[in-house]
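Here is a short briefing on one protein chain. Look at the sequence and the structure first, then read the points below.

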Amino acid sequence: QHTVWVLGNGQLGAMLSHAGQPLAIDVRPVDIMTPNGDILPIESSHVITAEREQWPESSTSLQLSQHPHFINGPVFGRLADRFTQKSLLDELSVATAPWQLVTDAVSSEALHQAYGERVLLKRRTGGYDGKGQHWLKQAESTEIPNDWRNEAIAEQAINFDEEVSLVGVRTQDGRCLFYPLTLNLHQDGILMASIAPLSRLSHLQAEAEAMLSTIMNGLEYVGVMAMECFRVGEHLLVNELAPRVHNSGHWTQAGCHINQFELHLRALCNLPIHTPQVNFQCVMVNLIGVEKDDRWLSLQNAELFWYNKEVRAGRKVGHLNLSVQDTDTLNATIKQLKSWMPIQYQAPLDWILAEFA
Ligand code: ATP
Ligand code: MG
Ligand code: MG
């Protein structure tokens, strides 16, 4: 009997539980915000993971994060801070967007000198879905916010062709295995849709796997990690890393015989692992700030994951996985979705149609 505690109880924790069920892995997501929660009954054979990179300090988060079986414990803090994350990429010689720490001494002029017309400031910690970003535009003489000094990094604006990600796993005996690269579309800093696998990306797979292997081996990581990249011509630059299951890997729930959640659990519990078999190509559409619509269930190739969270503008509240067993059905269901979805979905859904045109 395997028991896995999860620091955090959002949708990733829920999907880990769901994936654990057929293997009788008892997955227990924990709400770390519970004030003065009870002492958790963690036994010596149990393991602990996290569904987020960062967490507020509470008696519960301390009990989980300071436990000797908290897998990848030191990795979280290191990757949660963009300064230490980018430093790690440089140390490992993994290509990433040129960057520097925004110190007291640095001026916006010096940043434009180094990186050009547009420079992206990113808060060191706490940013997600594009929050915590600030563009410096030379033409508009945008200034560095005072309270961002020492709390942000500056990055060169990358004029990328498109965004891709690689989700992989490292086992306890140090083997690294991967899903095929995923093509991602972000709008206003938030992931809208993913497509995988795509044969037109397969020539980048080896380079991507070498990069993520270097990172996971360098950290002696165990479990699933995601690497977000920019494709610039025939090469990849790492944008950022996530030491956990990742939104751009949700398509594996429909497309693969071992999805990313099960893969993570197998690695944590030291169960047999092999490269997941891809059963079919998939498209994932994030449901962001929209009310649940049962008409989605009438789409013959769709699987709905609804997170049961309060709906707010810009908030991820679910996703739809659409299998691409035949392109005609996919085109029909995307067109159907277009007619049901609000304006901000028209461009992402057209982006999907264009990929299959
Ligand atoms: P996530 O929700 O993926 O954790 P995040 O808030 O941590 O997002 P990033 O992934 O760093 O932020 O950036 C969000 C998006 O902003 C990227 O997917 C990309 O579209 C854009 N972006 C980030 N860095 C750059 C850059 N250097 N040049 C151009 N665009 C960028
Ligand atoms: Mg991020
Ligand atoms: Mg990102």
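Predicted model: local features only at pLDDT ≥ 70, side-chain atom pairs only at ≥ 80, totals over all residues.

The domain assignment divides the protein chain into domain 1 (2-70), domain 2 (98-156) and domain 3 (162-355).

**Domains and cores**

- The C-alpha centres of domain 2 and domain 3 are 29 Å apart.
- The largest nonpolar core has 72 residues. Within this core, L16, M225, M227 and V283 touch the most other members.
- Strand β14 (residues 282-288) gives the largest share of this core, six residues.
- Where does this core lie?
- M225 is in contact with G168, L212, M216, L241, A242 and P243, leaving aside its neighbours within four places in sequence.
- There is also a second, separate core of 11 residues. W99, L136, I153 and A154 are among its members.
- In soluble globular proteins, nonpolar side chains tend to be buried together.

**Helix α1 and its cover**

- Seven of the 10 residues of α1 are buried, so this helix is largely enclosed by the rest of the structure.
- Which residues of α1 are buried? They are Q11, L12, G13, M15, L16, A19 and G20.
- The cover over these buried residues includes β1 (2-7), β2 (25-30) and α8.

**How α1 meets α8**

- Two packed helices are described by the angle between their axes and the distance between the axes.
- Helix α1 (residues 11-20) packs against helix α8 (residues 260-268) at an angle of about 75°. Their axes are 8 Å apart.
- Angles of 65 to 115 degrees count as roughly perpendicular, and α1 and α8 are therefore roughly perpendicular to each other.
- On the α1 side, M15, L16, A19 and G20 make the contact.

**A267, a residue of α8**

- A267 sits in helix α8.
- Is A267 buried or exposed? A residue counts as buried if 20 or more other C-beta atoms lie within 10 Å of its own. A267 has 22 other C-beta atoms within 10 Å, so A267 is buried.
- Not counting residues up to four places away in sequence, A267 touches V169, R170, T171, Q172, V222, G223, V224 and I273.
- A267 and D173 are 94 residues apart along the chain. Their C-alpha atoms are separated by 9.6 Å.

Key. Residues numbered from 1 in each chain as written. Chains lettered and ligands numbered in written order. Axes fitted to C-alpha atoms, helices over the stretch in contact; angles between N-to-C directions. Helix = DSSP H or I, 4+ residues; strand = E, 2+ residues; numbered from the N terminus. Parallel < 35°, antiparallel > 145°, perpendicular 65-115°, else oblique. Contact = placed C-beta atoms within 7 Å. Core = buried A, V, L, I, M, F, W, Y, C linked by C-beta atoms within 7 Å. Buried ≥ 20, exposed ≤ 12 C-beta atoms within 10 Å, placed from the backbone. Domains from an automatic or database assignment.
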